[in-house]
Amino acid sequence: MWQIDGVKVVNFFSYKELEYKIVNNSLTMVFGINLDVSKKKSNGSGKSTVLDAISFGLIGDTLKKLKTIKKIINNNEEQCSVTIELSNKILKSTLSIARTLGQKQGQKVLITYNGKEQSQLTDLHPRESDTFIEEKLGVSFSDITNYYIISKFKYRSLFLSNDAEKKQVINRFSKADVIDDI
């Protein structure tokens with residue numbers, strides 16, 4: 001199973017720069033202090049922006065589904081970037097996804113798999129890179145936002161799904177269809 005090892009952000013929403021190494025198999029609590037409006041305490045301090053950064057890095061979109069690039073890029077900056085580092089101990093593989101979003105050039109994706117830059121994807125539309133990422137991760141972007149990254153912006157409980165949807169999700173995560181063939 002793939003796990004996120006780190007997130008690096010430059011000029012993304014309220015963050016000028018953020019680099020965070022994730023300690024897996026432990027609980028992480030994100031606490032923030034609003035430095036702009038002290039009355040708001042932790043509201044508006046950038047806690048959910050960390051989830052947005054992970055979402056943007058993995059799937060190329062924020063959880064808030066913002067319509068304009070200008071709202072994603074930090075004030076007075078021309079571009080932002082998010083890099084997600086992942087590893088899979090079972091496959092002995094690493095995956096790095098670096099997304100840059102610019103006011104003039106749109107979105108660019110740079111993928112490094114097992115230390116090798118996937119240059120065949122560099123100049124293509126981000127959708128091509130997204131297909132590569134989904135194939136490597138083995139789950140759809142819809143699964144990532146519905147079941148892995150839980151936020152108030154997009155969440156659908158597996159328990160409220162019908163039986164067919166539950167079986168599809170379980171098959172995608174467990175690869176039961178591969179086991180059935182064997």
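User: Is Tyr 113 buried or exposed?

Analyst: Tyr 113 is buried, with a relative accessible area of 17%. Buried means under 20% relative accessible area, exposed means over 50%, and partly exposed lies in between, with a 1.4 Å probe and protein chains only.

A note on the basis. This is a predicted model, in which local features need pLDDT of at least 70, side-chain atom pairs count only at pLDDT 80 or more, and totals for chains, interfaces and linings use all residues. Residues are numbered from 1 along each chain as its sequence is written, and side-chain values use heavy atoms, with hydrogens and water left out.

Now the setting. The protein chain has six helices and six strands. These are DSSP runs, numbered from the N terminus: helices are H or I with at least four residues, strands are E with at least two. Along the sequence the pattern reads β-β-α-α-β-β-β-β-α-α-α-α. Of the 182 residues in the protein chain, 37% are buried.

Next, the rings. A pair of aromatic rings is described by the distance of the centres and the angle of the planes. The whole structure holds three aromatic pairs. Rings of Phe, Tyr and Trp (its six-membered ring) pair if their centres lie within 6.5 Å; planes under 30 degrees apart count as stacked, over 60 as edge-to-face, and the rest as tilted.

Phe 12 is buried, at 0% relative accessibility. Phe 13 is buried too, at 15%.

Back to Tyr 113. Its ring pairs with that of Phe 132: the centres are 6.3 Å apart and the planes at 85°, so this pair is edge-to-face. The pair links distant parts of the chain, 19 residues apart. Tyr 113 belongs to strand β5 (residues 106-113), and Phe 132 to helix α3 (residues 126-137). Phe 132 is buried, with a relative accessible area of 13%.

A charge joins the picture here. The charged end of Lys 136 sits over the ring of Tyr 113, 4.4 Å from its centre. A charge sits over a ring if NZ of Lys or CZ of Arg is within 6 Å of the ring centre and within 35 degrees of the ring normal.

Phe 13 has a charge over its ring as well: the charged end of Lys 64 lies 4.6 Å from the ring centre. Phe 13 also belongs to one aromatic cluster with Phe 12 and Phe 56.
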